[in-house]
Amino acid sequence: MPRTRALSNHARVVLAALLEAGERWSHGYELCRLADVKSGTLYPLLIRLEAQGYLEAEWQQPAEGGRPPRHAYRLTQGGVQLARDNPPEGKVARRGLREATS
């Protein structure tokens, strides 16, 4: 799917976090923390990336009773390529992501 707009650095950092997760599903709260973005920025971005075919999303039932299901996300093959082609800009973005995932 051809993109016509450049990705924001927030989008690049979120994609990098998902790329590092590999096949593992990631939850929104975790992505907010890893990418250092607010939920009001993250969720519209995830919705757009899913609609464009770069993400898979699914509802997952909680491991503990009494908790609501959570949306989980992971990259599709197209999303993996998009993430590789658009790394986060600046040393701080890359260093922060590396420290958060270590």
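So, Ser26: this one sits in strand β1. Keep in mind that we're looking at a predicted model. Is Ser26 buried or exposed? Its relative accessible area comes out at 1%, and the cut-off for buried is under 20%, so Ser26 is buried. Who's around it? Leaving out residues up to four places away in sequence, Ser26 touches Leu18, Ala21, Leu31, His71, Ala72 and Tyr73.

Okay, zooming out to the sheet. Strand β1 and strand β3, residues 70–75, pair in the antiparallel sense over two bridges. If you want a spot to look at, find His27, which stands opposite Ala72 in β3.

What's the strand order? It's β1-β3-β2, an open sheet of three strands with antiparallel pairing. The edge strands are β1, at 26–27, and β2, at 55–60, each pairing on one side only.

Now over to helix α4, residues 77–85. Which residues are buried there? Gly79, Val80, Leu82 and Ala83. These four cover an arc of only 165° around the axis, so they end up on the same side of α4. That goes with the general rule: an α-helix has 3.6 residues a turn, so residues three or four places apart point the same way.

And what covers that buried side? Among the elements over the buried residues of α4 are α1 (9–21), α3 (39–51) and, once again, β3.

Definitions and conventions: Residues numbered from 1 in each chain as written. Predicted model: local features only at pLDDT ≥ 70, side-chain atom pairs only at ≥ 80, totals over all residues. Heavy atoms only, no water. Pairing = 2+ DSSP bridges. Buried < 20%, exposed > 50% of the residue type's maximum accessible area, 1.4 Å probe, protein only. Arc of directions from axis to C-beta. Contact = heavy atoms within 4.5 Å.
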